[in-house]
Each structure stands twice: as C-alpha cells, then as structure tokens.
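Okay, thanks everyone, I'll keep this short.

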Amino acid sequence: MSVATATISTATIETPDGPFTVVADEDAVLASGWTADVASLVALVHPSIRPDLADVRDELDAPGADGALAAALGAVDAYYAGDLDAPGRVPVRQRSGEFRMHAWDALREVEPGERVTYAEYAVRSGRPAAVRAAAGACALNAAALFVPCHRVVRTDGGLGGFRYGLPIKERLLERERPAA
C-alpha cells in the first residue's frame, strides 16, 4: 500500500488518563496512544505504511473527522464511558513479520477484564516457547488501546512494561476489572 496517496488524519482528545492521540488513514487506525506527540506515534508505524508527517492532517485544524478517525475517537470516548469493547470494533492496520502480526491479532481477542501473562500470550500467538517474541510484539504495538497490550502482565502478576507508563496501565486494568 502506498501511503503517499492516502489521506492521513490525526486528532488528540482528553481522557481521564491524559491526552490520547489517534493517527488513521481512511480505513484503519495506524497508531494511537496516551500522548499529544503525533511525531512519536508516526515513528511507531512500520516503514512500509508510515506516512510522511507533512501529509498528516490535524483534524483539530480541519474539523469534521470522518472514516476511521471518527470511529476511533468515538470508540475512545465510548471506552471511557464504560463500553470497554468499543476499541476492539475499530479496524487497525499494522505491519511486521508473520509472527508479530498474528500476535497482534491474538491480542485483539483478549477480552476487557481478562489478564494474560506473557507466557499465555505466547501460547495464544501460536508459539508457546516465544515468550520474549510475544513481549516484543507488545512493545512494538503502535495501536495502543485498539490492540490491548495493556492486558498482558508478568507471570508473577506484576504489570510488566507499558510504553505510556505503568500508572496508565494500572488504571486501564482497574477500569476493566469485572464488577464483583
């Protein structure tokens, strides 16, 4: 896919966990996370689909977001309003090797409120011995929240890592904790 001809849009909204930015083309989220730094998110996109920053349109300057960007922003709002499944209904486009792409798909199947260990995630990704590779897939996930890497924890129950900080990961997991 040539992204040079694609319309790339971005918007940042405020959430209870801080600013959340989405970078999307017409069809899917390319990158997202708890930051207002669009350049840092674009840098996470695989080079084969990474847009040129000069081609990224800021929807705050050109209101009327539509397509995947509007769906993504709506899903973030819905998530924080209690529809924890909303981000999983938004298309995401990421590229990498076969294992990592399958691992990201497996992450999208982890339900809100469910926590899986890195070892369990490796099993779900089809390579039980590839715990480090599974952890690497989490670390290189460009579409935070839409590909819920925050639901993966260490075997001992510890949080592990999270690009946007452990306090945000902890709040996301708490928000998703099933009601007793």
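**Where the domains meet**

So, domain 1 and domain 2 bury about 1700 Å² between them, and 64% of that is on carbon and sulfur atoms. On the domain 1 side, the residues that lose the most area to domain 2 are Asp17, Trp34 and Tyr79, together 37% of what that side buries. Keep in mind that this is a predicted model.

For orientation: the domain assignment puts domain 1 at 8–89 and domain 2 at 98–176. Their C-alpha centres lie 20 Å apart, and the contact takes 23 residues from domain 1 and 18 residues from domain 2.

What about polar interactions across that interface? We get 8 residue pairs in polar contact, both partners at pLDDT 80 or more. On the domain 1 side, strand E2 (18–24), strand E3 (29–33) and helix H2 (67–80) each supply at least two of the residues that touch domain 2. Sort that side by residue type and you have 16 nonpolar, 4 polar and 3 charged.

Now the salt bridges. How many cross the interface of domain 1 and domain 2? There are 2, and the whole structure has 8.

Let's stay with Asp17. Arg171 forms a salt bridge with Asp17, with the closest N and O atoms 2.6 Å apart. That pair links distant parts of the chain: Arg171 is in helix H6 (residues 166–176), while Asp17 sits in the loop between strand E1 (8–15) and E2, 154 residues away. Asp17 also forms a salt bridge with Arg175, and there the closest N and O atoms are 3.0 Å apart.

So is Asp17 buried or exposed? Asp17 counts as buried because its relative accessible area is 7%, and the cut-off is under 20%. Arg171 is partly exposed, at 37%.

Two other pairs to show you. Arg177 forms a salt bridge with Glu174, with 3.0 Å between the closest N and O atoms. Both ends are partly exposed: Arg177 at 45% relative accessibility, Glu174 at 46%. Coming back to Asp17, salt bridges that share partners join Asp17, Arg171 and Arg175 into one network.

Then there's Arg154 with Asp156, a salt bridge whose closest N and O atoms are 2.5 Å apart. Arg154 is partly exposed, with a relative accessible area of 40%, whereas Asp156 is exposed, at 57%.

That's what I had, so over to you.

Conventions
Residues are numbered from 1 along each chain as its sequence is written. This is a predicted model: local features need pLDDT of at least 70, side-chain atom pairs count only at pLDDT 80 or more; totals for chains, interfaces and linings use all residues. Side-chain values use heavy atoms; hydrogens and water are left out. Domain bounds come from an automatic or database domain assignment. Contact means heavy atoms within 4.5 Å. Buried area is the accessible area (1.4 Å probe) that two parts lose on being put together, summed over both. A salt bridge is a side-chain nitrogen of Lys or Arg within 4 Å of a carboxyl oxygen of Asp or Glu. A polar contact is a pair of N or O atoms within 3.5 Å; within protein, one must be able to donate a hydrogen and the other to accept it, and residues adjacent in sequence count only if both atoms are side-chain atoms. Helices (H or I, at least four residues) and strands (E, at least two) are DSSP runs, numbered from the N terminus. Ala, Val, Leu, Ile, Met, Phe, Trp, Tyr, Cys and Pro count as nonpolar, Asp, Glu, Lys and Arg as charged, and the others, Gly among them, as polar. Buried means under 20% relative accessible area, exposed over 50%, partly exposed in between (1.4 Å probe, protein chains only).
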